[in-house]
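These are my notebook entries on one structure, written down in the order in which I looked things up.

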Amino acid sequence: MKKRKKTLVVIDNLHTGGIASSLYNLLYYTHDKLDYHLLVFNKKSIDLSRIPQDVLLLDTPNCLKILGMSQEEIKKESIILYFIRAILVIISKISNGEFARKVLFLCIKKVHKYDLAISFAQDNGWHTLSKGCNDFVIDKVDSTKKLAYIHCDYSNYGGYDPKQEKKLIEFDNIVCVSHSCAQSFENKFPSLKSKILINENFINVDLINEKKLEYVIEYPKNKTNFVTVCRISSVKGLDRALLAFKIAQDKGVDNFSWTIVGDGPERETLKLQIEKYQLNSKIKLVGNKDNPYPYILGADIFLLPSIHEAAPMVFGEAAVLNVPILTTNTCSANELVLQKRIGKVMENNQESITNNIMSAICNKKMIHFEYSLDINHNAKAQFENIVENEKDGDKK
């Protein structure tokens with residue numbers, strides 16, 4: 001029997017979010033391939049029910065909690081750590097986050113000895129303290145091979161700085177979660193092109209099928225029922241979809257409902273706009289749900305009108321639930337939706353969003369949908385390529 005590579009995975013926290021789900025799903029599908037050790041800076045954020053039993057959870061050094069917790073969380077943990085974090089945040093803003101983390105890491109011993117070490121989350125920005133996974137893997141881990149995962153559209157996510165190249169170049173490979181994300185990363189760091197590999201996010205089909213019938217959502221009969229599951233922030237473009245529904249209603253194309261699952265900084269603004277447009281009876285804000293799958297399952301169309309996106313896992317989740325997707329042309333939309341034939345990609349402007357939403361209201365079957373039973377086919381093949389280090393396999 002082939003010996004599994006001893007592998008360390010480092011992440012700042014596992015609070016609900018795309019990167020956290022990506023890691024949970026990766027461990028679920030590959031824990032029998034590698035001997036995983038998991039280091040989470042905020043160990044309290046782990047959902048233990050989603051960690052395979054053969055994954056070893058490492059104890060978190062106290063000072064690393066500073067990188068995994070918010071200022072409010074760390075205050076509840078330790079008033080000393082709270083003040084240290086506040087000082088390091090100031091240092092990050094005045095100088096840079098890498099320097100602040102070097103100061104923090106002075107009290108941490110080096111971790112030995114791994115075949116593979118993975119930094120699973122990119123930094124938020126040059127002048128921010130978090131996330132620090134890249135720095136930790138490069139500076140504090142003794143490993144034969146080191147990988148950094150990239151989950152963002154580097155051209156648009158707001159955390160890019162050319163000085164980050166100095167740290168990234170030390171990794172053996174940079175793993176991007178889609179070809180489009182890889183192209184965006186390459187545009188910002190062309191000298192690192194030869195290091196780039198692709199590994200699509202795994203979609204936990206078993207978990208989705210287990211939870212989809214946990215409760216039943218009754219949508220209005222004989223209407224086109226749209227659903228959106230996302231953080232309610234400006235980059236999601238929900239205001240553009242809202243305007244499209246208002247225009248549709250004003251033109252008498254009003255046979256629709258739209259349910260928005262999620263929360264975020266723009267929720268109250270969106271709620272007021274819904275009231276202003278007199279769409280309260282058709283558009284519902286239901287807040288965050290630990291299990292959003294029944295909301296998706298009962299809908300006719302999954303709508304994501306984002307201004308910017310990287311590689312949303314919710315595309316694959318909607319496909320597993322046999323719900324066609326209507327989304328805007330963001331970084332990975334053509335690759336993950338159109339090419340997989342699980343939905344339609346609109347032009348990323350108000351006119352296109354309005355026209356496509358109105359067309360969908362009139363004909364809910366307008367979107368071509370051809371779900372493949374193995375949504376993880378690419379992810380599995382790409383992961384094998386990464387583990388075996390066959391660099392010519394599916395590289396950008």
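How many residues of the lining of the second largest pocket are nonpolar, polar or charged? I found four nonpolar, no polar and eight charged residues in that lining, where Ala, Val, Leu, Ile, Met, Phe, Trp, Tyr, Cys and Pro count as nonpolar, Asp, Glu, Lys and Arg as charged, and the others, Gly among them, as polar.

Before going on, I noted that this is a predicted model, in which local features need pLDDT of at least 70 and side-chain atom pairs count only at pLDDT 80 or more, while totals for chains, interfaces and linings use all residues. Residues are numbered from 1 along each chain as its sequence is written, and side-chain values use heavy atoms, with hydrogens and water left out.

**Entry: the pocket**

I looked up the volume of the second largest pocket, which is about 210 Å³. Of the 12 lining residues, Lys2, Lys3, Arg4, Lys33 and Glu388 are the closest to the centre of this pocket. Helix α16 (residues 377–388) gives the largest share of the lining, four residues. For the terms, I wrote that a pocket is an open set of points on a 1 Å grid over the protein atoms alone, where a 1.4 Å probe fits, with protein on both sides within 12 Å along at least five of seven lines, and that lining residues have an atom within 4 Å of a point. The volume is the space filled by probe spheres set on the points, and helices are DSSP runs (H or I, at least four residues), numbered from the N terminus.

**Entry: α10 and α15**

I then turned to helix α10 (residues 238–250) and helix α15 (residues 350–362), which pack at an angle of about 55° with their axes 9 Å apart.

**Entry: α5 and α6**

Helix α5 (residues 97–105) and helix α6 (residues 133–140) pack at an angle of about 50°, with their axes 11 Å apart, and are therefore oblique to each other. I listed Glu98, Arg101, Lys102 and Phe105 in α5, which meet Asp135, Phe136, Asp139 and Lys140 in α6. This contact has two nonpolar, no polar and six charged residues.

**Entry: Tyr29**

Last, I placed Tyr29 in helix α1 (residues 18–30). Leaving aside neighbours within four places in sequence, Tyr29 is in contact with Phe202, Ile203, Asn204, Val205, Asp206 and Asn376.

Notes: Helix = DSSP H or I, 4+ residues; strand = E, 2+ residues; numbered from the N terminus. Axes fitted to C-alpha atoms, helices over the stretch in contact; angles between N-to-C directions. Contact = heavy atoms within 4.5 Å. Parallel < 35°, antiparallel > 145°, perpendicular 65-115°, else oblique.
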